[in-house]
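Dear colleague,

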Amino acid sequence: MKTDNGKGRSAPKSIMSTLSTSDWENTVPTTQEIEHQKPQLDEQQQNKLIKRIKQLLVEQNAVLVAHYYTDPVLQQLADETGGCVADSLEMARFGKASPADKIIVAGVRFMGETAKILSPEKKVFMPELEATCSLDLGCPAEDFIPFCDDHPDRVVVVYANTSARVKARADWVVTSGIASEVIKHLASEGKKILWAPDRHLGKYIQSITHADMLLWQGSCIVHDEFKADTLLTLKEKHPDARILVHPESPYTVVEMADLVGSTTQLIHAVKSMPDQTFIVATDNRIFYKMQQAAPDKTLIEAPTGGVGATCTMCAHCSWMAMNTLQGILKVLEQNINEVHVEESVRIKAFESTQRLLDFAAATK
Ligand code: 13P
Ligand code: SF4
């Protein structure tokens, strides 16, 4: 892995040598493997599980907060029990504002940690603590901290998809829904940016803000599978379709978009745009909320992989797929899978994360 300032200059050798390709890349389970391992439930068993979870949520004053990429069954359960289904920014906000004692985060590790960072007085749990994210894995704190130290002239802005330790080293945490506004604001103050970890999102923001950004070279292994050539072929078959793209996708795909946005922004676009058909380049579990928002519209998955490629994620994040009803029930029955963040790290990560929430509130 190396860094790039977007002007064709690579990072100094000393930095590049510390950022070798990591072992985790060979151990990521495919989404098909995760789905295959899940115990299959018939409708009766599933309803029984849901009934028991609902009862325990009330008894324990607990709330379920789910990301749009989780199984629609979990999204429906969160909706029906007064929890929330949202993007990573709203999940953090909701958890903080909720009067619940326990927050159960159905999503990936950084989302659970963010909830804990913002709400230390609450107990935060996850159905599966192993559910992580390639952006988080690709930006280890032990590499990132010295990299920041080598660039003291730059404001450190990190995407929410990072560990608590990386957030603790950052000046700002941002999510895809607000990243370009924050960078525009910093650039207007003449600040130079060190951006991590998603290189595609970084490049997209750079293209619209023209800010001076040094980019960490991480990526989302799910969105990385969307390819411009196969998307073009699909668009030719559906010339009236509008293309909606999450900015973690490669820049060549972003360039083809009619709208680029966070998960929430993409859902709103399906509802608010007058068009009938949409090609969507993001995790396909988002279709559940899109279809609810606009039942009469036609949604088509953007193709994954290039010609001849084998698809490991197939537009669904294997870590998001690890969240199950059984996992939620275990949390409630056995009090396991609590998320902990070391207090000294949490305090620093709180500052950079709270800065995001304050900025979002001020610019609403
Ligand atoms: P959002 O902030 O848009 O929900 O994205 C989070 C994420 O992990 C997308 O892959
Ligand atoms: Fe991370 Fe990509 Fe999964 Fe989102 S979809 S959690 S960015 S690996």
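**Strand β1 and its neighbours**

Strand β1 is joined by five bridges to strand β3 (residues 102-106), and the two run parallel. Within this pairing, the bridge partner of Ala62 is Lys102 in β3. Please bear in mind throughout that the model is a predicted one.

β1 also pairs with strand β2 (residues 84-86), again in the parallel sense, over three bridges. Here Ala66 stands opposite Val85 of β2.

**Helix α4**

A right-handed β-α-β unit is formed by β1, helix α4 (residues 72-80) and β2. The buried residues in α4 include Leu74, Gln75, Leu77 and Ala78. These residues lie on the same side of α4, because they cover an arc of only 160° around the axis. Among the elements that cover the buried residues of α4 are α3 (43-59) and α15 (287-293), together with the strands β1, β2 and β3. Just after the helix α4, Gly82 adopts a positive phi of about 80°.

**The sheet of β9 to β12**

Four strands make up an open sheet in the order β10-β9-β11-β12, with parallel pairing. Its edge strands are β10 (259-260) and β12 (298-301), each of which pairs on one side only. Strand β11 (residues 277-281) runs parallel to β12 and is joined to it by four bridges. In one of the pairings between residues, Val280 has Glu301 of β12 as its bridge partner.

**The two ligands**

Which residues lie around ligand 1? They are Asp87, Ser88, Leu89, Asn161, Thr175, Ser176, Gly177, Cys220, Glu248, Ser262 and Thr263. By class, this shell around ligand 1 consists of two nonpolar, seven polar and two charged residues.

Ligand 2 is surrounded by 14 residues, of which the closest are Cys133, Ser134, Cys220, Val222 and Cys317. The shell around ligand 2 has nine nonpolar, three polar and two charged residues.

With kind regards

Methods
Residues numbered from 1 in each chain as written. Chains lettered and ligands numbered in written order. Predicted model: local features only at pLDDT ≥ 70, side-chain atom pairs only at ≥ 80, totals over all residues. Near = placed C-beta within 6 Å. Nonpolar A, V, L, I, M, F, W, Y, C, P; charged D, E, K, R; others polar. Pairing = 2+ DSSP bridges. Right-handed = clockwise from strand over helix to strand, strands pointing away. Buried ≥ 20, exposed ≤ 12 C-beta atoms within 10 Å, placed from the backbone. Arc of directions from axis to C-beta. Contact = placed C-beta atoms within 7 Å.
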